[in-house]
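These are my notebook entries on one protein chain.

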Amino acid sequence: WTRMESIACYIQRGKGPMYAASGQALVVSQKCIQWSGFDLTPARRINDESLRQYGEERFLIKGDILWNSTGTGTAGRVAIYPGSQEPVVADSHVTIIRLANFIPQYVWCYLASPIIQARMAPNQESSMVSGTTNQVELSTSKVVELPVPCPPIEEQKQIVEYIEAETKRIDTKKEKTQKLIDLLTEY
């Protein structure tokens with residue numbers, strides 16, 4: 001085990017953008033980060049003039065982990081940035097985790113796990129969020145300090161493959177069950 005800061009080369013919340021009707025870059029918000037995956041469709045444009053105040057490190061790169069950091073019901077959702085043809089930055093409600101030598105899918109699996117997601121409630125003993133029930137916040141300091149299991153790269157790959165296979169198997173069973181329910185309700 002080690003802390004998140006030891007496996008990442010960059011951990012930072014996005015910045016509050018100055019939105020514009022047009023501009024050269026997009027802004028990722030919490031709406032883009034869903035359990036069903038990453039969706040750039042709801043992203044808005046940022047004012048080109050304000051974009052000049054962004055350091056190069058603030059532009060997302062493929063494989064960045066994006067973790068929603070505010071709001072009851074939204075804090076904790078996590079996705080892997082798939083990359084884009086356009087420059088993209090994150091707003092201040094999203095934490096960016098850029099890994100040094102870890103597989104993003106492995107860290108995603110860990111962050112999406114019930115053991116971590118249970119800590120997104122303010123009333124939990126080991127809660128990672130602070131604030132009221134109506135507006136919680138996951139601070140960057142909690143992300144930096146988060147202990148992460150550290151298997152070798154090959155084992156990370158095996159874990160990801162296993163979870164993906166089991167997820168596919170479960171989804172197939174759900175589909176078959178739904179078809180059976182639909183069939184039975186016809187009669």
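**Entry 1: Cysteines**

I began with cysteine 109, whose sulfur lies 15 Å from the closest cysteine sulfur, that of cysteine 150, and this is too far for a bond. I note that the model is a predicted one. A disulfide is a covalent bond between the sulfur atoms of two cysteines. I then asked how many disulfides the structure holds, and the count is 0. Cysteine 9 is likewise in no disulfide; the nearest cysteine sulfur belongs to cysteine 150 and is 15 Å away.

Are cysteine 9 and cysteine 109 buried or exposed? I recorded a relative accessibility of 55% for cysteine 9, which counts as exposed because the cut-off for that class is over 50%. Cysteine 109 has a relative accessible area of 15% and is buried, because buried means under 20%.

**Entry 2: Strand β11**

I next examined β11 and its partners. Strands of a sheet pair through backbone hydrogen bonds, either parallel or antiparallel. β2 and β11 run antiparallel and are joined by 5 bridges; isoleucine 11 stands opposite isoleucine 97 in β11. β8 and β11 also run antiparallel, joined by 4 bridges, and here tryptophan 67 stands opposite threonine 95 in β11.

How many residues of β11 are buried? I found that 6 of its 6 residues are, so the strand is mostly covered. In a regular strand the side chains alternate between the two faces of the sheet. In β11, Val94, Ile96 and Arg98 point one way, while Thr95, Ile97 and Leu99 point the other way, and all are buried.

I followed the chain into the loop between β11 and α3, where isoleucine 103 is found. Isoleucine 103 is buried, with a relative accessible area of 16%. I also looked up isoleucine 103 against glutamine 156: they are 53 residues apart in sequence, yet their C-alpha atoms are 6.8 Å apart in space.

**Entry 3: The nonpolar cores**

Which residues have the most contacts inside the largest nonpolar core? I listed Met4, Trp67, Ile97, Val107, Leu111 and Leu146, in a core of 27 residues. At least two residues each come from α1 (4-7), β2 (8-13), β8 (65-68), β11 (94-99), α3, β13 (135-138) and α5 (140-145). The most come from α3, which gives 4 residues. Another core, of 14 residues, lies apart from this one and includes Leu26, Cys32, Ile33 and Ala79.

**Entry 4: An open sheet**

I then traced an open sheet of 4 strands, with mixed pairing, in the order β3-β7-β4-β10. Its edge strands are β3 (19-20) and β10 (88-90), each of which pairs on one side only. β4 (residues 25-28) pairs with β10 in the parallel sense over 3 bridges. Leucine 26 has valine 88 as its bridge partner in β10. Leu26 is also one of the residues of the 14-residue core.

**Entry 5: The largest pocket**

Finally I turned to the largest pocket, which has a volume of about 340 Å³. Which residues lie nearest its centre? They are Gln105, Trp108, Cys109, Ile163 and Glu164, out of 17 lining residues. Two or more lining residues come from each of β6 (37-38), β9 (78-80), α3 (104-112) and α6 (153-185). By class, I recorded 11 nonpolar, 5 polar and 1 charged residues in the lining.

How values were computed
Residues numbered from 1 in each chain as written. Predicted model: local features only at pLDDT ≥ 70, side-chain atom pairs only at ≥ 80, totals over all residues. Heavy atoms only, no water. Pairing = 2+ DSSP bridges. 1 Å grid on protein atoms, 1.4 Å probe; cavity = no way out; pocket = protein on both sides within 12 Å on 5 of 7 lines; lining within 4 Å. Points joined across faces, edges and corners; volume = space filled by probe spheres on them. Nonpolar A, V, L, I, M, F, W, Y, C, P; charged D, E, K, R; others polar. Core = buried A, V, L, I, M, F, W, Y, C linked by side-chain atoms within 4.5 Å. Buried < 20%, exposed > 50% of the residue type's maximum accessible area, 1.4 Å probe, protein only. Disulfide = S-S within 2.5 Å.
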